Amino acid sequence: MSLHLGSGEIVARAGVIIDSMKSMEGPLLPILHGIQAEFGYVPQDTLPLIAKALNLSRAEVHGVMTFYHDYRDHPAGRHVLKLCRAESCQSMGGDQLAERIKRLLGIDFHQTTPDGSVTLEPVYCLGLCACSPAAMLDGELYGRLDNEAAEELVMEARR
């Protein structure tokens, strides 16, 4: 993944992904996943390409992309820290934990630290309700977080 691609290169690389998946049944989500896997986000330049290839309006593609919270319209940091915001995690101190992590990172949800090391995102269930509060760092799950574990998680994410 490179954050310094020209529009022409983005369009060309996205075109290959779109062409390889457009004949699938229900291709929109796999195409969006493929593009995000390639670039780390779904560049705006790719939305008209997807719409044309699938005979959809750009608004339809944008609507699907913005409906699902995992799709990004801008590059994320080197590490993505997701904090569970579901009821179980909230009832076990998730709100206080989230505020602590925000302070430690100096950012809010949907933001990236100025050094580009961490993007903080809310998620609405990681499936670890028995281990609340929970988080995910770069795809790895962490449960039963407390203040000490939160600090360790932030230090790991900052590396």
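Cys89 touches Cys84, Gly94, Ser132, Pro133 and Ala134 when residues up to four places away in sequence are not counted, a contact being a pair of heavy atoms within 4.5 Å. The structure is a predicted model, in which local features need pLDDT of at least 70 and side-chain atom pairs count only at pLDDT 80 or more, while totals for chains, interfaces and linings use all residues. Residues are numbered from 1 along each chain as its sequence is written, and side-chain values use heavy atoms, with hydrogens and water left out.

Cys89 lies in helix H5, residues 87-91, where helices (H or I, at least four residues) and strands (E, at least two) are DSSP runs numbered from the N terminus. Cys89 counts as buried because its relative accessibility is 3%; buried means under 20% relative accessible area, exposed over 50%, and partly exposed in between, with a 1.4 Å probe and protein chains only.

An unreviewed UniProt entry carries the annotation "binding site" for Cys84, Cys89, Cys125 and Cys129; such positions are given in the numbering used here, feature names are shortened, and annotations may be inferred rather than shown by experiment. Although these residues are spread over 46 residues of sequence, they cluster in space, with a largest C-alpha distance of 9.4 Å. Cys129 of this set lies in the loop between strand E3 (118-123) and strand E4 (135-137), and with a relative accessible area of 44% Cys129 is partly exposed.

Strand E3 also holds Glu121, which is buried, with a relative accessible area of 8%. Leaving aside neighbours within four places in sequence, Glu121 is in contact with Arg72, Val80, Leu81, Lys82, Leu83 and Phe109.

Elsewhere, a pair of helices can be followed. The axes of helix H1 (residues 7-21) and helix H3 (residues 47-54) come within 10 Å and cross at roughly 30°, the axes being lines fitted to C-alpha atoms over the stretch in contact, with angles from 0 to 180 degrees between N-to-C directions. That angle makes H1 roughly parallel to H3, since angles under 35 degrees count as roughly parallel, over 145 as roughly antiparallel, 65 to 115 as roughly perpendicular and the rest as oblique. The contact is made by Val11, Ala14 and Ile18 of H1 together with Leu49, Ile50 and Ala53 of H3.

Glu38 lies in helix H2, residues 28-39, and counts as partly exposed at 28% relative accessibility. Glu38 and Ser23 are 15 residues apart in sequence and 19 Å apart in space, C-alpha to C-alpha.
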